[in-house]
Amino acid sequence: MVHYRAADLIDHTAALFAAAGMPADRSRVVGELLVEADLMGHDTHGLQLAPRYLGHLTSGKMAATGDPEVLSDRKAAILWNGMKLSGVWLTAAAVDLASERASDYGVAAVSIREGRHTACLGAYLHRATSKGQMVIVTSSTPSVSNVAPFGGLDPVFSPDPIAYGIPTEGDPILIDMSASITTNNMTNRLRKTGGRYPGKWVQDHDGLATDDPAALFGDRPGSMLPAGGQDHGQKGYGMALANEALAQGLSGIGRSTWSDGLDTGIFVQVFEPDAFAGLSPFAHEMSALAALCRASRPAPGIEAVRLPGERAQQKKRDQLRDGVTVSPAIMTNLAGWAEKLNVPPPVPL
């Protein structure tokens, strides 16, 4: 592994996207959010995605310029056509708008149709929690079907990620999960390296649970299992249905109507605690709840009970101090684009 200054990685990534045609202010946002994912340790959804996004930009599959079309605006509820713009930039813009509107109306939501891939949902949460607001972000790709419903063999859903940002009196609680046990990016990484899942997270074409990602490919592909697996996957199944209602149903484009295989539905909602009991009581109660969780006696083999996002935030602090760890494979892929777009590569520490 090689280490880089976070600021250098952001500058480099922003320069790549700007060279590919994206406006400088937007390329900066994309660079910051992709590096944020790596800072938090979500390296399957950070800089690893940059080459794919650059390919979509230069081929025209992702729009480099333009603005989302406002299809509906009821102040606290907004619908955009994403116009095939960067899903990373669109999601950041949606969180910022919902945050602003929630300050006025207490709650605000933005639904987006026809955006592109959103990368790491957890990377957006600080945009609202830093203002003392609670935020929900979810996304779904209607053309992707590789997760089976509970009890089924044929895939219906995409992994359907959802993230929650909850302010406390200290670090926020950052929940970033998916309705499936695993993700496409993790699957692709394991497939390339010949690795296996830590558990039986997928099933083959006949429904046999396995830890082998190869079961998802070939002439008789299997499917990913919903969160909870074959034992109690009704929980992940329910999450997937709810996620797709938010990210697809509210936008009006879902599995019966999608036309572009790269289209992603995105949903953002922000809550202003001061419109309810107030930020101080909210943060106090969430801090008390967090303290009760941490005080729970750890199970055998567990060092301590942690809150979601606790390790990610500490990793971010460590990497801001010591440098961001980036795998050579990711930097090799970025180097190809740096040469193609005539952008100097970052210098490792």
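Leaving aside its neighbours within four places in sequence, which residues is Phe17 in contact with? In this predicted model, the list runs to Met22, Ser27, Val30, Leu34, Ala50, Tyr53, Leu54 and Leu57. Phe17 also turns up in the largest nonpolar core, a group of 63 residues, where Phe17 and Trp80 are the ones with the most contacts inside it. Helix 4, covering residues 87-105, gives the most to this core, with 10 residues. Apart from it lies another core, made up of 10 residues, including Tyr197, Ala215, Leu216 and Ala240. As a bit of background, nonpolar side chains tend to be buried together in soluble globular proteins.

Three of them form an open sheet, ordered 9-8-10, with antiparallel pairing. Strand 9 (209-210) and strand 10 (223-224) sit at the edges, each pairing on one side only. Strand 8 takes in residues 202-203, and two bridges link it to strand 10 in the antiparallel sense. Here Gln203 stands opposite Ser223 of strand 10. In general, strands of a sheet pair through backbone hydrogen bonds, either parallel or antiparallel.

Is Ser287 buried or exposed? Its relative accessible area is 16%, so Ser287 counts as buried, the cut-off being under 20%. The side chain of Ser287 reaches the backbone oxygen of Ala283 at 2.8 Å. Beyond its neighbours within four places in sequence, Ser287 is in contact with Thr168, Glu169 and Gly170.

Note on methods. Residues numbered from 1 in each chain as written. Predicted model: local features only at pLDDT ≥ 70, side-chain atom pairs only at ≥ 80, totals over all residues. Heavy atoms only, no water. Pairing = 2+ DSSP bridges. Helix = DSSP H or I, 4+ residues; strand = E, 2+ residues; numbered from the N terminus. Core = buried A, V, L, I, M, F, W, Y, C linked by side-chain atoms within 4.5 Å. Buried < 20%, exposed > 50% of the residue type's maximum accessible area, 1.4 Å probe, protein only. Contact = heavy atoms within 4.5 Å. Polar contact = N/O pair within 3.5 Å; in protein donor to acceptor, adjacent residues only side chain to side chain.
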